[in-house]
Amino acid sequence: MKRTTLSLIAGATALAAVTGFASLTTPDGAAGPRAKAPTRLPVERAGLACPVPSTSEVAETLYTSYTPPSGGTDPAKGSTGSTGSTGSTGGSGAGDKPAPATAQLRPAASTTTSGGATKGGKKAQPPKAPATVTAPGKPVTAEANGPAAPALTGAATGTLAPGWTVQQTTIVPAGGARGLLGLSCGAPDTDFWFPAASTAKERQDYVHLTNPDDTAAVADIELYGPEGVLKSQFTEGIPVPARSTVPVLLSTLTGEAPQQSVTVHVTTRSGRVGAAIGSADEKLGSDWLAASADPASTAVLPGIPGDATSVRLVAFVPGEDDADLKIQLVTQNGTIVPASARSLHVKSGMTAAIELPDLTRGEVGSLMLSPSDPKKPTPVVAALRVVRGKGDDTEVAFVPATGAISARATIADNRAKATTLALTAVGAAAQVKVTASAGSGGGTPVTKTVTVKEGTTTAVTDLVPEGLKGSYALTVEPVSGGKVYAARTLAVPLDGTPMFTIQTFVDDRGTVEVPSARQDLGVLDQR
């Protein structure tokens, strides 16, 4: 009985460390009399999916792969050993060595159209050198240029799994898709919301569905305009073959009139996918639209540049109740109500959009949406379309609503004199630890504690590794106080065009809760 009990404990702990799910309970679900709070252990496997970066002949893409050092280690020295022996992916005996840690991206097997046919043209070319992380604390880069660059999928295991991130950055200097396109490659999932998409004639918005697994996935796509659901075709039961990617042009999915602002809902009926929307505007430029945070009654959209010339807010209510939202701008000096818009009414099942001219007025800020009546909270999803520049020299980026950083979040591919980190504290003042990693070509990490006053946004532009060569990663970890939301802007001007891209910091979920051994023993003894 004792051997069986311990075996079950080890199995549940290993399952939790790999997948994030594990529990042992009595038949009626009650905890035993000796129940203890669960402990947190590092994950031992993390998967990511990166979509096809561009179809442009002149596209230049840089991948940056990075795993932050584990808690308690010196960033300058990297990891000092295993980040968790429980649930190791190696053997089961005490003398077994853990499996070697790996973190690598590989080309997806094929790229198919939404109809299931393989795309013709040039053969997909993987990056010139695999972006393989060999140790926590140092970014690794790889290049892949031109239209034949494939979608990538990969996984990190062992000590390289907790916090593993990959940044995909593409420069398209000319053509209809010109711009600086940035995306933090996403973890596969089964449910995504994308406000701020479009089926307008001047927009080419593709939703990229990438399957990192060895079995096929089946996805559904729903489109919602200002009047509700858009009648669509070919949006149910879209097959995504194993280790393949499927790009779907949104405007081909509906016969209804083009809509400037559309909300896209991607779900899977089997399997899981990575999902992102590549948007190209023939007048404004191009960038990636990442998924919004899960529906919530309060939404924070951080990191709006101070020189933004146009900001459009797009919101959607998935539930049955309408939402009346208060719009606030969290600036460096405090939280204010924008003169251009104080509130937004969003009808259930319909996409609402509003222009916010002259929003930031020279200061980096963040937008916050909350219920006009606190007694009537209604979950919403939201995103911003942000434009910099004027006339022919414009560029666009997107800012989805994001969650607060609960433990740690990282964005790679930052560059000296080109990166702005925006930190927003909501509800209470907060302190965070910000670490600039070693550079991909050399340099010494630098760590700084930043205090963010309640209801303000702090812009950090001077945190760069000493002796930097190449690009570096930024990691944000809460130290004390209230909730903190963060985003980074990467600005790379080109021939008079203020090219830029914005990515929000998403908690890396580098640890998972697992039942304590004492709790499990108590529960199983009762059985």
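**Rings, a pocket and a cavity**

So, let's start with the rings: W193, Y224 and F316 make up one aromatic cluster. Pairing here means that ring centres of Phe, Tyr or Trp (its six-membered ring) lie within 6.5 Å, with planes under 30 degrees apart called stacked, over 60 edge-to-face and the rest tilted.

Quick housekeeping. This is a predicted model, where local features need pLDDT of at least 70 and side-chain atom pairs count only at pLDDT 80 or more, while totals for chains, interfaces and linings use all residues. Numbering runs from 1 along each chain as its sequence is written, and side-chain values use heavy atoms, with hydrogens and water left out.

Okay, the overall picture. The protein chain has 2 helices and 36 strands; these are DSSP runs numbered from the N terminus, H or I of at least four residues for helices and E of at least two for strands. Of its 527 residues, 52% count as buried, meaning under 20% relative accessible area with a 1.4 Å probe and protein chains only, against over 50% for exposed and partly exposed in between. Take contacts (heavy atoms within 4.5 Å) between residues at least 6 apart in sequence: 82% of them join residues at least 24 apart.

Back to the aromatics. The whole structure gives 4 aromatic pairs. One of them is F192 with F194, stacked, at 6.3 Å centre to centre and 15° between the planes. F192 is buried at 8% relative accessibility, and F194 is buried at 0%. Then there's W193 with Y224: the centres are 6.4 Å apart and the planes sit at 35°, so this pair is tilted. What does that pair tie together? W193 is in strand β10 (residues 191-197) and Y224 in strand β12 (residues 217-225), so the pair links parts 31 residues apart in sequence. Both W193 and Y224 are buried.

Elsewhere, R388 lies over the face of F500, 5.1 Å from the ring centre. The rule there is NZ of Lys or CZ of Arg within 6 Å of the ring centre and within 35 degrees of the ring normal.

Next, V207, in strand β11 (residues 203-210). V207 is buried, at a relative accessible area of 0%. Beyond four places in sequence, its contacts include I221, V246, V266 and I277. V207 and L249 are 42 residues apart in sequence but 6.6 Å apart in space, C-alpha to C-alpha.

On a 1 Å grid over the protein atoms alone, a cavity is a set of points where a 1.4 Å probe fits but cannot get out; a pocket is an open set with protein on both sides within 12 Å along at least five of seven lines, and lining residues have an atom within 4 Å of a point. Volume is the space filled by probe spheres on those points, joined across faces, edges and corners.

The second largest pocket holds about 450 Å³. T55, A177, Y206, H208 and A280 are the closest to its centre among 24 lining residues. β11, β17 (274-281) and β18 (285-289) each give two or more residues to that lining, with the largest share, 4 residues, from β17.

Finally, there are 2 cavities of 30 Å³ or more, and the largest cavity is about 60 Å³. Its lining includes T419, V434, D462 and Y472. The largest share of that lining, 3 residues, comes from β29.
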